[in-house]
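I begin with the whole chain and then turn to single residues.

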Amino acid sequence: MFQIQMGYPGIIQNDASAYRHIEDVCPDLFDNDEAFHVLWQDIPICFRYRDHLTHNFAAILEMLQVLKENSEGSTELALTNEILNLTVSMHWQAELLQLFLHVETRYSGYQKYTAALNQQGELKLTKSRFMAEWHTLIHQLVLAFHAGKVRIEDGREQQR
């Protein structure tokens, strides 16, 4: 099972703040305690909206674009939080998507956690279901940007 469990982040209100890059928005828009969880085979992996989304957003968008534009192929997604480094290798043909997760940590106290994730590292699901989970997170961000009166100045960034 792959699922993204959204948080309900409070928005730090700004007065029509303008930003050059999307990644610059999250630190000003969200408190540090706001988080969402990726559930991998029912094991939660915590990501904070403020810091982790800032660091991982470009990789998430790039991965979604590759999946959207190609009916078959493979790609990798590298995600990080303060504890884990995750690499998700993806292979797909039409709607069948196969995921392989590899997790590392530099903290000895999290070795059992990473071992559990790595032991459950293979997952198969439909490409549309996987993308829908990420779409919900992206949609939540768009709503947060509107609520925070965020303006992206750069045209290329607006398209992202």
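**Entry 1: ground rules.** I am working with a predicted model, in which local features need pLDDT of at least 70 and side-chain atom pairs count only at pLDDT 80 or more, while totals for chains, interfaces and linings use all residues. I number residues from 1 along each chain as its sequence is written, and side-chain values use heavy atoms, with hydrogens and water left out.

**Entry 2: the fold.** I looked up the secondary structure and found five helices and nine strands, where helices (H or I, at least four residues) and strands (E, at least two) are DSSP runs numbered from the N terminus. Along the sequence I read them in the order β-β-α-β-β-α-β-β-β-α-β-α-β-α. The radius of gyration is 16 Å, close to the 15 Å of the globule rule for 160 residues, so the protein is as compact as a globular protein of that length; this radius is taken over C-alpha atoms, and the rule is 2.2 Å times the number of residues to the power 0.38. I also noted that the C-alpha trace spans about 45 × 40 × 20 Å along its principal axes.

Entry 3: Among contacts (heavy atoms within 4.5 Å) with a separation of 6 or more, 59% come from residues 24 or more positions apart.

**Entry 4: Met90.** Is Met90 buried or exposed? I found Met90 in strand S6, residues 84–93, and Met90 counts as buried because its relative accessibility is 0%. Met63 is 27 residues from Met90 along the chain, yet their C-alpha atoms are separated by 9.5 Å.

**Entry 5: Thr105.** I placed Thr105 in strand S7, residues 96–105, and Thr105 counts as buried because its relative accessibility is 15%. Which backbone atoms lie by a polar atom of the side chain of Thr105? I found the backbone oxygen of Ile83 at 2.8 Å and the backbone nitrogen of Tyr107 at 3.2 Å. Beyond its neighbours within four places in sequence, Thr105 is in contact with Ile83, Leu84, Tyr110, Gln111 and Thr114.

Methods
Buried means under 20% relative accessible area, exposed over 50%, partly exposed in between (1.4 Å probe, protein chains only). A polar contact is a pair of N or O atoms within 3.5 Å; within protein, one must be able to donate a hydrogen and the other to accept it, and residues adjacent in sequence count only if both atoms are side-chain atoms.
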